[in-house]
Amino acid sequence: MMLHIGLDDTDSPEGGCTTYVAAVLVEYLLVLGVEFKGYPTLLRLNPNTPWKTRGNASVCLRLNIEESLYSDIRNVVKELVDEYGEFSCDNTNPGIVFLKGEVPDDVKAYSETVVRSLVEKKLAMNLIEKHKMDYIEYKTGRGIIGALAAIGGTLEGDLTYELLTYRAPENWGTPRRVDAASIIVMDEALSDSTFNNLDEKGKPLITPRGPDPVLYGVRGETPEAVYDAMQMIKPLEPVERWMICRSNQGTNLHYSDPIKVSEIEPYNPAVVKGKVDSVPETIEGGHVFFRLKDETGAVDCAAFEPTGSFRAIVRKLIPGDDVTIYSGVSIHENELTLNIEKLALHETVPKIKYVKPKCPECGGSTESMGKEKGLRCKKCGYRGTVLVEEAIEQERGIVPGIYLPDRGAQRHLTKPYERYGREKAIELML
Ligand SMILES: [Zn+2]
């Protein structure tokens with residue numbers, strides 16, 4: 001019998017990690033004699049969920065079991081979540097869902113909805129009842145939403161892999177020790193099959209900050225690639241265990257088709273096509289804002305300070321440029337704001353500078369006499385119809401293409417530059 005076990009929301013900003021619970025669970029299940037059907041699924045959910053400050057990831061293990069083992073498995077899962085769940089945090093509300101048999105199509109569709117929007121727990125409970133799934137919830141049980149989404153996240157189109165290594169518990173909360181030079185060597189050797197190892201300045205991105213048990217995570221195109229990466233990376237502290245997951249990270253699968261400005265909803269990912277409607281402005285703190293307009297309205301777009309050199313690109317936009325903004329919708333000073341995660345610049349408009357001519361009589365400089373009243377020589381007072389401003393087209397310094405924030409500011413789901421063209425299912429290219 002096929003059994004899918006979905007887990008979510010066992011961690012908190014103070015520690016824990018749902019993937020770690022899953023990695024420990026794998027070892028317990030192997031002792032029970034189950035057969036795994038593929039790698040565990042690490043599904044990143046809507047990254048704009050307001051109560052989630054971290055990665056918002058859920059996990060699913062898929063197994064083949066003897067039906068008689070089910071209650072033992074259920075007990076083991078519950079014991080581990082009891083032991084490792086961060087129950088002291090108000091925002092940690094673990095959920096576990098068990099599905100027997102094949103994953104129904106409506107559960108797959110539900111999973112896509114959870115990656116792309118905010119959903120109510122009721123939607124999950126309806127499916128759990130309909131398909132007679134077993135579940136365990138703690139506190140508000142909000143984790144049920146993500147646990148079921150992980151089960152539905154079968155990733156039949158584009159997908160990536162991540163190898164996660166975990167620290168020995170006595171080191172949790174201390175600075176991570178991994179040989180940075182070995183990460184650079186690995187990145188060079190496996191640049192075709194891994195991604196987001198280093199930031200723009202060559203600093204490792206694979207070691208998270210924070211108190212969770214992950215030592216590092218390497219992302220790549222195949223299980224072999226991330227396994228090879230682990231062989232090359234030199235940890236300077238014990239690795240307690242490791243696990244490879246299949247994932248929607250780096251796929252842009254959180255974006256739906258483009259919507260209109262009038263359809264933007266808070267806390268969802270949003271793709272909006274329109275024209276730049278204001279000169280980008282840099283506000284205190286280094287954040288860059290501009291207005292985007294389509295036929296239904298206008299909305300603020302923001303490239304926040306952590307997006308780094310991406311802001312220099314955004315500052316080059318001018319009114320009239322034709323763009324698509326891929327974003328997460330937040331509320332900034334009571335206004336819906338698109339936090340830009342990707343900028344597709346389709347067409348630039350010419351940037352024109354008007355230059356006043358010299359006086360044909362005396363060579364003096366000229367000035368405007370007011371709107372549509374022509375020009376006059378400042379020196380000799382000459383005026384005449386020959387005196388017209390000359391339009392000079394200026395360098396834009398930006399060409400149509402795709403632009404992304406600096407790597408350290410990219411969402412887990414954001415497809416990095418190097419993955420364009422590597423997608424597993426071409427029809428899902430975004
Ligand atoms: Zn003159």
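Where is the place of T251? T251 sits in the loop between β10 (239-247) and β11 (269-276), strands being DSSP runs of E of at least two residues and helices runs of H or I of at least four, both numbered from the N terminus. This is a predicted model, in which local features need pLDDT of at least 70 and side-chain atom pairs count only at pLDDT 80 or more, while totals for chains, interfaces and linings use all residues. Residues are numbered from 1 along each chain as its sequence is written.

**View A. The surroundings of T251.** T251 counts as buried because it has 26 C-beta neighbours inside 10 Å; the cut-off for buried is 20 or more other C-beta atoms within 10 Å, with C-beta atoms placed from the backbone. Leaving out residues up to four places away in sequence, T251 touches D158, L159, T160, L413 and K415 (contact: C-beta atoms, placed from the backbone, within 7 Å). T160 is 91 residues from T251 in sequence, yet their C-alpha atoms are 7.5 Å apart.

**View B. The largest nonpolar core.** This core has 57 residues; a nonpolar core is a set of buried Ala, Val, Leu, Ile, Met, Phe, Trp, Tyr and Cys residues joined through C-beta atoms within 7 Å. Helix α5 (residues 143-152) gives the largest share, seven residues. The core lies between domain 1 (2-152) and domain 2 (160-247), because both give residues to it; the domain bounds come from an automatic or database domain assignment.

Conventions
A residue is buried if 20 or more other C-beta atoms lie within 10 Å of its own, exposed if 12 or fewer, and partly exposed in between; C-beta atoms are placed from the backbone. Two residues are in contact if their C-beta atoms, placed from the backbone, lie within 7 Å.
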